[in-house]
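Please read the report below alongside the sequence and the coordinates.

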Amino acid sequence: MAFPHRPDAPELPDFSMLKRLARDQLIYLLEQQHEVDKLYKVENKPALSSNEQLCFLVRPRIKNMRYIASLVNSDKLAGRTRKYKVIFSPQKFYACEMVLEEEGIYGDVSCDEWAFSLLPLDVDLLSMELPEFFRDYFLEGDQRWINTVAQALHLLSTLYGPFPNCYGIGRCAKMAYELWRNLEEEEDGETKGRRPEIGHIFLLDRDVDFVTALCSQVVYEGLVDDTFRIKCGSVDFGPEVTSSDKSLKVLLNAEDKVFNEIRNEHFSNVFGFLSQKARNLQAQYDRRRGMDIKQMKNFVSQELKGLKQEHRLLSLHIGACESIMKKKTKQDFQELIKTEHALLEGFNIRESTSYIEEHIDRQVSPIESLRLMCLLSITENGLIPKDYRSLKTQYLQSYGPEHLLTFSNLRRAGLLTEQAPGDTLTAVESKVSKLVTDKAAGKITDAFSSLAKRSNFRAISKKLNLIPRVDGEYDLKVPRDMAYVFSGAYVPLSCRIIEQVLERRSWQGLDEVVRLLNCSDFAFTDMTKEDKASSESLRLILVVFLGGCTFSEISALRFLGREKGYRFIFLTTAVTNSARLMEAMSEVKA
Amino acid sequence: MNRTKGDEEEYWNSSKFKAFTFDDEDDELSQLKESKRAVNSLRDFVDDDDDDDLERVSWSGEPVGSRTRPGSFQSLSDALSDTPAKSYAPELGRPKGEYRDYSNDWSPSDTVRRLRKGKVCSLERFRSLQDKLQLLEEAVSMHDGNVITAVLIFLKRTLSKEILFRELEVRQVALRHLIHFLKEIGDQKLLLDLFRFLDRTEELALSHYREHLNIQDPDKRKEFLKTCVGLPFSAEDSAHIQDHYTLLERQIIIEANDRHLESAGQTEIFRKHPRKASILNMPLVTTLFYSCFYHYTEAEGTFSSPINLKKTFKIPDKQYVLTALAARAKLRAWNDVDALFTTKNWLGYTKKRAPIGFHRVVEILHKNNAPVQILQEYVNLVEDVDTKLNLATKFKCHDVVIDTYRDLKDRQQLLAYRSKVDKGSAEEEKIDALLSSSQIRWKN
């Protein structure tokens with residue numbers, strides 16, 4: 001349990017600096033306003049405050065502007081004068097200003113920016129908390145957040161030194177990288193001469209690997225996220241977990257000692273671990289019997305608090321496990337996992353298809369049904385037209401006709417497509433994809449999206465050996481590879497790519513894989529001749545997930561790090577999972 | 001899905017990774033429960049004072065609400081004093097927007113770079129088409145979506161839409177930004193014009209159809225959907241749109257009728273089972289369930305009858321049976337359930353048949369608390385012996401289990417099962433009688 005890091009593993013950089021920096025910036029901005037005493041959540045309802053000034057801290061979105069405009073304009077109508085300030089985080093967009101201008105309140109409100117884009121959720125995890133990145137870029141093709149990513153990378157390199165080795169894959173990764181380089185050049189000199197703390201940086205687009213993000217998670221932290229939804233590093237455990245009548249908001253990070261030991265474990269190991277812990281705890285409490293006064297005094301003053309803390313954490317996680325077990329048993333998780341594994345391995349496709357069909361017919365869950373269809377589509381290079389039609393029809397009948405729009409979104413994003421009939425298309429396809437990539441202007445037009453984004457999962461899986469061949473039983477207690485995060489059935493594609501590139505220090509020998517990923521023009525390496533990098537820093541790797549990463553991927557890379565003596569640091573636009581991806585594509589609000 | 005027990009065995013036996021089971025109540029969960037009891041028993045000893053440690057959420061867990069009190073304010077230089085680099089909050093005191101720039105001779109590439117930095121920068125001097133397009137191309141090559149959109153806003157204002165559309169057609173990245181921008185600000189008219197110009201008929205149709213989501217009034221929504229019917233969808237989607245319209249049309253009629261029936265209080269079913277929600281805007285399957293629940297026996301001629309829905313929307317047999325079964329079982333109308341699966345052949349013999357597999361039927365019946373006699377009947381119809389035994393054991397259909405072991409001539413299993421039935425019950429007697437029978441040639 002809880003594998004220790006190798007003794008030679010590098011230290012993690014100190015991210016608390018980021019928190020302090022962000023906090024102080026915000027305080028500074030608020031101090032400029034006099035007496036900001038309370039912050040309200042921006043909701044679409046009239047502000048109740050009778051204050052003479054209003055300050056809004058918002059994401060730069062049109063609908064927030066419209067809300068503010070209606071508020072200011074109704075004040076104007078009522079003949080009321082107040083001061084208004086809008087603080088955009090992480091930055092202001094021109095489209096927002098345009099709306100303020102159109103609504104006639106430009107000049108009535110003053111604007112500011114709070115460049116807060118890196119929230120340290122844990123010692124090794126930074127989140128930009130931009131879940132909208134996924135839909136904005138991968139569905140709409142809007143590049144508004146690329147500058148935000150570049151700014152964040154710039155901040156990191158100013159704080160922790162330059163990154164001597166850079167790798168990346170994906171169109172967005174490449175653009176973010178280029179923009180960041182431009183930025184560094186413009187603000188030349190800041191990082192020069194600094195010793196690098198982080199030896200490698202790896203940028204990866206979410207659409208390089210949709211499959212991993214679509215799988216059910218079975219590592220504890222991932223399972224907690226799938227079941228209870230971790231928000232901003234904390235989770236609300238309801239009464240069914242706390243075994244009391246109230247809910248509890250719990251921070252989940254390395255500081256929770258119990259959680260830290262089980263977070264990366266396959267769920268099947270967690271029970272045993274918690275039982276053992278409970279027995280140990282009992283034994284420690286039992287020691288108080290037969291203590292004399294002095295010993296007891298010592299016990300109470302020194303150990304009791306720690307034990308109580310551990311006791312609380314333990315009962316919480318036991319409660320969470322119990323609740324997960326109940327839910328999963330009810331929804332026949334066993335059968336679901338079996339279907340997913342069959343899809344990953346590519347056998348019994350007919351059976352899996354009818355499993356999905358039944359799922360839909362019984363109205364089990366709109367999001368789950370959608371997820372399974374996407375998994376089928378990506379692993380099979382699209383659904384055969386007959387299945388596509390019939391599953392879509394049944395889906396619309398079960399969950400509502402307006403999901404027609406959701407299907408259109410999924411097709412555009414390449415998540416759920418229909419196989420083009422006949423083999424004759426391969427010729428056209430290669431022509432088209434050549435044409436499309438040649439055109440600097442852009443990758444795809446809608447008409448060809450399904451062609452340009454063939455997933456080729458089966459071929460990639462073979463090339464990269466994603467389905468481990470194991471004789472005998474896969475011992476989940478002693479994982480032998482990253483596949484343990486999916487019960488030994490599948491090595492996450494994203495993590496495998498990272499592993500392979502780090503091993504080679506380049507993309508050399510991976511040409512075929514890169515081609516199959518449709519990323520021939522978007523896989524890059526950039527090494528600076530940097531002899532100042534210590535060997536320790538060269539084992540520290542920053543992985544940047546554009547469009548979100550899952551806890552399973554984080555666990556898998558933590559495992560890889562332990563195996564190879566690396567430490568990984570994660571920067572993601574948001575922590576995601578299959579349900580969040582599907583909801584982002586769904587046109588109908590749940 | 002008719003996956004047999006045999007297949008499952010084979011899958012798991014041949015598979016290389018060990019399955020962990022969520023439903024193996026016997027070991028892990030009970031182990032867990034034990035631990036929980038152990039931990040809870042400690043509560044008396046520890047549960048005294050502070051509820052602190054877990055509920056206190058640190059700064060990172062509570063992003064905005066917890067402003068530091070003025071006393072604890074740390075100046076920027078305090079915060080940075082221990083770091084080597086000093087330059088990462090360069091423009092803190094001077095909001096970027098305040099940088100005004102009245103210079104007129106920035107090149108397109110300089111202009112774009114200034115825009116990226118958030119500086120206010122006039123674009124008015126880019127008047128020739130060539131200049132405008134160069135500006136756009138610079139923005140695109142810099143990759144910043146915010147700047148691309150800023151330039152597009154300027155182009156949209158200063159170019160006729162024909163010219164704008166024509167130039168964007170060959171600039172896909174910029175085009176996608178304009179489309180997203182128009183969607184966000186809700187300029188539906190220009191968006192539709194754009195799709196029309198690009199000849200993207202399907203997107204045009206979908207975009208128009210999307211508007212129905214903003215219409216709350218059911219009649220207005222229905223009228224709007226009517227306008228969608230003729231739009232250039234794919235053949236397949238056209239059928240879905242037509243169905244959507246027809247469905248809402250029916251729902252409006254059913255809703256008016258049933259609301260009236262319910263408030264009149266004369267109809268038994270509505271009195272016994274008051275409606276929980278309106279049927280308007282519900283999916284087809286939900287509507288079918290509703291109709292099987294409240295209008296099961298109605299003749300095909302009425303809009304609310306299940307058969308009418310089935311025919312109008314070409315609902316597949318499987319889906320129909322599944323839904324009707326759930327609805328009738330919920331009402332405990334076992335005769336209707338029976339009738340659902342009874343078919344007569346041409347000689348007049350009756351036979352039980354289920355398009356969804358009897359194991360599913362049993363599960364649904366069990367979920368609706370069907371009595372054992374009913375369950376038993378359907379468990380018996382499950383063809384695969386292993387599945388049958390599994391279900392019978394799970395749902396305590398003792399007779400089925402006993403008879404099956406008898407038919408399998410499995411004395412050992414029967415003996416083992418004896419311990420699971422109540423002492424002195426009819427089942428125990430039955431087992432004893434079988435075990436002492438001399439007419440069965442046991443295989444073990």
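In this predicted model, B:Glu137 has a relative accessible area of 41% and is therefore partly exposed, whereas its salt-bridge partner B:Arg171 counts as buried at 16% relative accessibility, the cut-off for burial being under 20%. B:Arg171 lies in the loop between helix H9 (161-169) and helix H10 (172-185) of chain B, and B:Glu137 in helix H7 (residues 129-142) of chain B, so the pair ties together parts that are 34 residues apart in sequence. Elsewhere, salt bridges that share partners join A:Arg61, A:Glu132, A:Asp136, A:Asp142, A:Arg144 and B:Glu184 into one network.

| Arg | Glu | Closest N to O |
|---|---|---|
| B:Arg171 | B:Glu137 | 2.7 Å |
| A:Arg371 | A:Glu368 | 3.0 Å |

A:Arg458 is partly exposed at 26% relative accessibility, and A:Glu380 is partly exposed with a relative accessible area of 25%. A:Arg371 and A:Glu368, by contrast, both lie in helix H15 (residues 366-379) of chain A, three residues apart, or about one turn of the helix. Because an α-helix has 3.6 residues a turn, residues three or four places apart point the same way. A:Arg371 counts as buried, at 1% relative accessibility.

Helix H12 (residues 201-210) of chain B has seven of its 10 residues buried, so it is largely enclosed by the rest of the structure. Its buried residues, among them B:Glu203, B:His208 and B:Tyr209, pack against helix H17 (404-413) of chain A as well as helix H11 (188-198), helix H13 (218-228) and helix H14 (235-264) of chain B.

In helix H23 (residues 551-564) of chain A, A:Ser555 counts as buried at 1% relative accessibility. Leaving aside neighbours within four places in sequence, A:Ser555 is in contact with A:Val219, A:Arg263, A:Asn264, A:Tyr484 and A:Val485.

Chain A also holds an open sheet of three strands, in the order E1-E2-E3 and with parallel pairing. Strand E1 (53-58) and strand E3 (109-113) stand at the edges, each with a single partner strand, so one side of each is left without a neighbour in the sheet. Six bridges join E1(A) to strand E2 (residues 83-88) of chain A, and A:Cys55 stands opposite A:Lys85 in E2(A).

Note on methods. Residues numbered from 1 in each chain as written. Chains lettered and ligands numbered in written order. Predicted model: local features only at pLDDT ≥ 70, side-chain atom pairs only at ≥ 80, totals over all residues. Heavy atoms only, no water. Pairing = 2+ DSSP bridges. Helix = DSSP H or I, 4+ residues; strand = E, 2+ residues; numbered from the N terminus. Buried < 20%, exposed > 50% of the residue type's maximum accessible area, 1.4 Å probe, protein only. Contact = heavy atoms within 4.5 Å. Salt bridge = Lys/Arg side-chain N within 4 Å of Asp/Glu carboxyl O.
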